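Please consult the sequence and the structure shown below while reading.

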Amino acid sequence: MKKLNPRFVRTTRSYSVEGIAALYSLHPHTVREWVAKGLPCIDHRKPFLIHGSDLKAFIMGRQATRRCPCGPAEMYCCKCRLAQPVKNREATIETRNSKQLDIRGLCGVCGTGVYRSGTVAKLEEYRREFNVLSMDQRHIVEGFGPLVNPDIEKEI
């Protein structure tokens with residue numbers, strides 16, 4: 001399902017099915033399916049006209065139903081399509097920069113790798129929620145040794 005930006009819709013304007021399809025690069029049949037699923041029309045005569053505020057509310061409502069908030073010890077599993085507990089509450093925490101963290105683990109149900117982004121300010125909370133297997137604090141500058149190979153002889 002494509003994520004649609006509701007800010008593209010002008011709330012004071014009326015849209016036709018073809019106008020909505022062109023606005024979001026969709027097929028007109030998709031917009032007609034939305035009408036069948038509950039997108040309100042101004043009147044049910046052809047051409048169907050949809051008020052911009054109704055379209056914006058419909059799109060925002062569709063996207064709100066897709067959200068799945070995760071609990072403190074949960075991560076979203078793409079395979080299960082649900083917030084699932086982490087297997088054995090074990091996670092690896094890696095620093096992305098001075099303020100952000102990457103938290104990785106395995107889904108407790110299917111074993112697929114799961115990922116969550118976090119902040120350094122909540123690091124102690126993550127340590128309480130998860131059994132931290134490793135805490136990688138390596139920076140890019142520290143990660144690599146010299147790139148010079150001393151075994152190569154110069155040819156003159």
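A search of the whole structure finds 0 disulfides, a disulfide being a pair of cysteine sulfur atoms within 2.5 Å. Cys110 is in no disulfide, and its nearest cysteine sulfur, that of Cys77, lies 3.5 Å away. The model is predicted: local features need pLDDT of at least 70, side-chain atom pairs count only at pLDDT 80 or more, and totals for chains, interfaces and linings use all residues. Residues are numbered from 1 along each chain as its sequence is written, and side-chain values use heavy atoms, without hydrogens and water.

| Residue | Relative accessible area | Class |
|---|---|---|
| Cys70 | 34% | partly exposed |
| Cys110 | 30% | partly exposed |

Helices (H or I, at least four residues) and strands (E, at least two) are DSSP runs, numbered from the N terminus. Contact means heavy atoms within 4.5 Å. Val17, Glu18, Ile20 and Ala21 of α1 meet Pro28, Val31, Arg32 and Trp34 of α2.

Within α2, Val31, Trp34 and Val35 are buried. They lie on the same side of α2, because they cover an arc of only 100 degrees around the axis, taken from the directions from the helix axis to the C-beta atoms. On the other side of α2, Ala36 and Lys37 are exposed. The buried residues of α2 pack against α1, β2 (49–51) and α3 (52–66). Gly38 follows α2 and has a positive phi, near 130 degrees.

Definitions and conventions. Buried means under 20% relative accessible area, exposed over 50%, partly exposed in between (1.4 Å probe, protein chains only).
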